Amino acid sequence: MLVVTTEKIEGYKIVEVKGPAFGLIVRSRGIGGDIMAGLKSLVGGEIKQYTAMLEDSRKEAMDRMIKNANEMGANAIIMMRYDSGEIGTNMSEIVAYGTAVIVEKI
């Protein structure tokens, strides 16, 4: 599956637009992580537990988006983006989305 953040893919032409594809994940940080993050915020610096959690979440959201596009019969995703938000006080939502298309080499 080709996944790009651009409108077009160099060397390919779009022959069919399948529609929007997305992958969503919601993760909870947990009380242990919140305590460690609170302590780390006192001295400053990167909170590595959160960084790792968000990296994993983005990968999972992208995998789910690709699965969604495959189920639609697409072989590429254009205009791919991420979005994120907070749900409550300890949950993060990450969505990967783009336009599922069928492309052919030129």
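Strands (E, at least two residues) and helices (H or I, at least four) are DSSP runs, numbered from the N terminus. Two strands are taken to pair if DSSP finds at least two bridges between them. The structure is a predicted model, in which local features need pLDDT of at least 70 and side-chain atom pairs count only at pLDDT 80 or more, whereas totals for chains, interfaces and linings use all residues. Residues are numbered from 1 along each chain as its sequence is written, and side-chain values use heavy atoms, with hydrogens and water left out.

Four strands form an open sheet in the order 1-3-4-2, with mixed pairing.

The parallel pairing is that of strand 1 (residues 2-3) with strand 3 (residues 76-87), joined by two bridges; here valine 3 lies opposite isoleucine 77 of strand 3. Strand 3 runs antiparallel to strand 4 (residues 91-105), and ten bridges connect them. Within strand 4, threonine 99 is the bridge partner of isoleucine 78. Strands 3 and 4 form a hairpin with three residues between them, and glycine 88 in the turn has a positive phi of about 70°. Strand 4 also pairs with strand 2 in the antiparallel sense, over 15 bridges, and isoleucine 25 stands opposite isoleucine 94 of strand 4.

Helix 2 (residues 48-71) lies across strands 1, 2, 3 and 4 and runs at about 140° to strand 2. Such angles, from 0 to 180 degrees, are taken between the N-to-C directions of axes fitted as lines to C-alpha atoms, for helices over the stretch in contact, where contact means heavy atoms within 4.5 Å.
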